[in-house]
Amino acid sequence: MSATLSFTAPTAHGPRRITLSYARAGAGEPLLLLHGIGHHRQAWDPVVDILATERDVIALDLPGFGQSSALPEGIPHDLPSTTAVLAAFCAELGIDRPHVAGNSLGGLLSLELGRQGLVRSVTALSPAGFWSQAERRYAFGVLMGMRRTARSLPLPLVERLSRTAAGRTALTSTIYARPARRSPDAVVAETLALAHAEGFDETLRAGRSVLFGDDVPGIPVTLAWGDRDRLLLPRQGVRAKRTLPRARLVRLRGCGHVPMNDDPALVARVLLDGSRAQSAKALSTSLSTVAL
């Protein structure tokens, strides 16, 4: 079920009205899903049905992305503002400390929600914020190039390219290890989402100074990295593990930066295991992935 929610969120500039779009499915403990920069909630579609067998799944369009409006004028699309909006969104839905899983920017936001004690568990897939300055400049350069391409291509050309495996590879191979598996409709929709994302430029600008340097104590944390991630390189997972020494770090074999489409069964298993209250030993046994 897709819906739009308007609510008042606290910000550094006082309470502001926010409108976010989301989809909800399943039953069980709540699991909030957060996508990456320039993407939309449909990035999670390949795994939602699996997750919904055990979880009340809420896939959200972040502010300024997908069908969600940008933050009001004067409110930066930075980590504190977006985290406050997400906390207010959960409160408006009556969700008390959901599990949260995020990819890239969404992974960074998930870890920040965990650091603030606002969630039950965190699963972060290739989270932002563990880069060196050179790696950040590289990633931001790639993202800006993708954005320029998405905005420059006429829709008929995007539709034509999406109908062939070679065309889907040309459009999406930066974020998917197996781009030919992506459906033509999904490729068109995510190209348009990137082109039209109101929050893209300001979110990217705010990210220039972001380094996640704190532990997330008291809750289960899983870090997962695609071993074919070409945007946030897998070695950043090792850096993240040093910052979060109690976290479980797993490799997503054969997966790229956005792994949900590359191997839905594997990613869903990692998310479900990560949201179960297990000891580190039990989690290690239950996952068939290999530590980085």
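**Phe89 and the core**

I began with Phe89 in this predicted model and, setting aside neighbours within four places in sequence, found it in contact with Leu5, Phe7, Leu20, Tyr22, Leu32, Ile58 and Leu60. I then looked up the largest nonpolar core, which has 85 residues, and noted that Phe89, together with Leu33 and Leu111, touches the most other members. Helix H2 (residues 79-93) gives the most to this core, with seven residues.

**The sheet**

Next I traced an open sheet of eight strands, whose order is S1-S2-S4-S3-S5-S6-S7-S8 and whose pairing is mixed. Strand S1 (2-9) and strand S8 (248-252) stand at the edges with a single partner strand each, so one side of each has no neighbour in the sheet. Within the sheet, S2 (residues 16-25) pairs with S4 (residues 55-60) in the antiparallel sense over four bridges, and I noted Ile58 in S4 as the bridge partner of Arg24. H2 packs on the sheet, where it touches S1, S2, S3 (29-34) and S4, and its direction makes about 115 degrees with that of S1. I also looked at helix H9 (residues 235-243), which lies across S7 (221-226) and S8 and runs at about 165 degrees to S7.

**Confidence**

Last, I checked the pLDDT, whose mean over the protein is 92, with 95% of residues reaching 70 or more. Over residues 278-292, however, the pLDDT is below 50, although this stretch has 31 contacts in the model beyond near neighbours in sequence. I remind myself that where pLDDT is low, the predicted coordinates should not be read in detail.

Key:
Residues are numbered from 1 along each chain as its sequence is written. This is a predicted model: local features need pLDDT of at least 70, side-chain atom pairs count only at pLDDT 80 or more; totals for chains, interfaces and linings use all residues. Side-chain values use heavy atoms; hydrogens and water are left out. A nonpolar core is a set of buried Ala, Val, Leu, Ile, Met, Phe, Trp, Tyr and Cys residues joined through side-chain atoms within 4.5 Å. Buried means under 20% relative accessible area, exposed over 50%, partly exposed in between (1.4 Å probe, protein chains only). Helices (H or I, at least four residues) and strands (E, at least two) are DSSP runs, numbered from the N terminus. Contact means heavy atoms within 4.5 Å. pLDDT is the predictor's confidence in each residue, from 0 to 100. Two strands pair if DSSP finds at least two bridges between them. Axes are lines fitted to C-alpha atoms, for helices over the stretch in contact, and angles run from 0 to 180 degrees between N-to-C directions.
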